[in-house]
Amino acid sequence: MNKYELLYIIESKLEDAKREKEIEKVSAFIKKSGGEVEQVTKTAPWGLKKLAYPIDYKKEGFYVLVHFSSLAEKIADLERQLKLSDNVMRYKVINRHA
């Protein structure tokens, strides 16, 4: 399994409970696909930040960083799941060589 880093931005207008549910949904999808979320960092919410440029006329977003291990062929499924989510504004998956 390869190690990856996922940084994604959730819409800032979401309530705390819905935001936590969205974060759990992403982590659950990684685990369901056979991956493992690293226990040291798990999911690190960076919090509400100002965006460098407006996305769909929104100027703020809630940033979340996840370190995880997964098979390479499962990353496309994760990216498709993030793209289909209405609450995720942007995402980036990076392969970490350790």
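Strands S1 and S4 pair in the antiparallel sense over 10 bridges. Two strands pair if DSSP finds at least two bridges between them. Helices (H or I, at least four residues) and strands (E, at least two) are DSSP runs, numbered from the N terminus. Within this pairing, Tyr-8 stands opposite Val-64 in S4. S1 also pairs with S5, again in the antiparallel sense, over 8 bridges. There, Tyr-4 has Asn-95 of S5 as its bridge partner.

This is a predicted model, in which local features need pLDDT of at least 70 and side-chain atom pairs count only at pLDDT 80 or more, while totals for chains, interfaces and linings use all residues. Residues are numbered from 1 along each chain as its sequence is written, and side-chain values use heavy atoms, with hydrogens and water left out.

Now the interior. A nonpolar core is a set of buried Ala, Val, Leu, Ile, Met, Phe, Trp, Tyr and Cys residues joined through side-chain atoms within 4.5 Å. Buried means under 20% relative accessible area, exposed means over 50%, and partly exposed lies in between (1.4 Å probe, protein chains only). The largest nonpolar core has 19 residues. Which of them touch the most other members? They are Leu-6, Tyr-8, Val-66 and Phe-68. Five elements each supply at least two residues of this core: strand S1 (2–11), helix H1 (16–32), strand S4 (58–70), helix H2 (75–84) and strand S5 (88–96). A second, separate core has 5 residues, including Ile-9, Leu-51, Tyr-63 and Met-89. In soluble globular proteins, nonpolar side chains tend to be buried together.

Phe-68 deserves a look of its own. Phe-68 counts as buried, at 1% relative accessibility. Contact means heavy atoms within 4.5 Å. Leaving aside neighbours within four places in sequence, Phe-68 is in contact with residues including Leu-6, Ile-30, Val-37, Ile-75, Leu-78 and Val-93. Tyr-4 is also among these contacts.

The structure holds 2 of them. Rings of Phe, Tyr and Trp (its six-membered ring) pair if their centres lie within 6.5 Å; planes under 30 degrees apart count as stacked, over 60 as edge-to-face and the rest as tilted. The rings of Tyr-4 and Phe-68 have centres 5.7 Å apart and planes at 25°, so this pair is stacked. Tyr-4 lies in strand S1 and Phe-68 in strand S4, so the pair ties together parts 64 residues apart in sequence. Tyr-4 is buried too, at 6% relative accessibility. The other pair is Trp-46 with Tyr-63, with ring centres 6.4 Å apart and planes at 15°, so these rings are stacked. Trp-46 sits in strand S3 and Tyr-63 in strand S4, 17 residues apart.

Charged side chains come next. A salt bridge is a side-chain nitrogen of Lys or Arg within 4 Å of a carboxyl oxygen of Asp or Glu. By this rule there are 6 salt bridges. Side chains of opposite charge can pair when their charged atoms come close.

Start with Glu-11, in strand S1. Glu-11, Lys-13 and Lys-58 are linked in a network of salt bridges. The Lys-13 to Glu-11 bridge spans 3.6 Å, N to O. Glu-11 is buried, with a relative accessible area of 9%, but Lys-13 is exposed at 66%. Beyond neighbours within four places in sequence, Glu-11 is in contact with Lys-58, Asp-86, Asn-87 and Met-89.

Arg-19 forms a salt bridge with Asp-16, with the closest N and O atoms 2.9 Å apart. Both residues are in helix H1; they are 3 residues apart, so about one helical turn separates them. Arg-19 is buried at 11% relative accessibility, and Asp-16 is exposed at 55%.

Arg-96 and Glu-38 form another salt bridge, the closest N and O atoms being 2.4 Å apart. This pair links distant parts of the chain, with Arg-96 in strand S5 and Glu-38 in the loop between strand S2 (36–37) and strand S3 (43–55), 58 residues apart. Arg-96 is partly exposed, with a relative accessible area of 23%.
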